[in-house]
Amino acid sequence: MDVSIKLYDLNKFLEAANTGIKLRGLGENTFELTYNPGALLPNVTMKLRKCGFDKNYVPFRYEVAGASSFMLSAVNFFSFLPDGIVIDKAAKTIAIVPTKLKLLSSFGGRCYFRYFNIHYDRIELALQVV
């Protein structure tokens, strides 16, 4: 299954789902994620750059600065992420693992990436069920 979704449309979906997340493409394989935690807390903004690819996972190196860095350490920022998103705080990486995503659980752990590309205005990915 090949999927291409414009970031504009994805942001509209995230807004309608009331997630507090907004994405902005910065260039090839790089995007910015802004999370509004609400409750009068400042937004957390992180830059994510794809740093590899494997059919079993897609890792991203994340960077945060300023108040976002403080918020990341002071609040359990990563608690809103679903199963299948693996965080390594020491290496500052976030990885997507398709076999652990609840959304894909009906495939019984047999769903893998063929590709995962980020562009300035869209995300393209392909999933394969074996």
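Predicted model: local features only at pLDDT ≥ 70, side-chain atom pairs only at ≥ 80, totals over all residues.

Residues are numbered from 1 along each chain as its sequence is written, and side-chain values use heavy atoms, with hydrogens and water left out.

Q: Why does T93 count as buried?
A: Buried means under 20% relative accessible area, exposed over 50%, and partly exposed in between, using a 1.4 Å probe and protein chains only. T93 has 15% relative accessibility, so T93 counts as buried. Leaving aside neighbours within four places in sequence, T93 is in contact (heavy atoms within 4.5 Å) with F60, R61, Y62, V86, I87 and D88.

Q: What makes N11 buried?
A: The relative accessibility of N11 is 14%, so N11 counts as buried too. N11 lies in helix 1, residues 7-16; helices (H or I, at least four residues) and strands (E, at least two) are DSSP runs numbered from the N terminus.

Q: Why is the pair of F31 and F60 called edge-to-face?
A: Rings of Phe, Tyr and Trp (its six-membered ring) pair if their centres lie within 6.5 Å; planes under 30 degrees apart count as stacked, over 60 as edge-to-face and the rest as tilted. By this rule there are three aromatic pairs. For F31 and F60 the centres are 5.8 Å apart and the planes are at 80°, so this pair is edge-to-face. The pair links distant parts of the chain, with F31 in strand 3 and F60 in strand 5, 29 residues apart.

Q: How do you know that the charged end of K55 sits over the ring of Y112?
A: The rule asks for NZ of Lys or CZ of Arg within 6 Å of the ring centre and within 35 degrees of the ring normal. The charged end of K55 is 4.7 Å from the centre of the Y112 ring and sits over that ring.

Q: What classes of residue make up the lining of the second largest pocket?
A: Ala, Val, Leu, Ile, Met, Phe, Trp, Tyr, Cys and Pro count as nonpolar, Asp, Glu, Lys and Arg as charged, and the others, Gly among them, as polar. The lining of the second largest pocket has three nonpolar, four polar and three charged residues.
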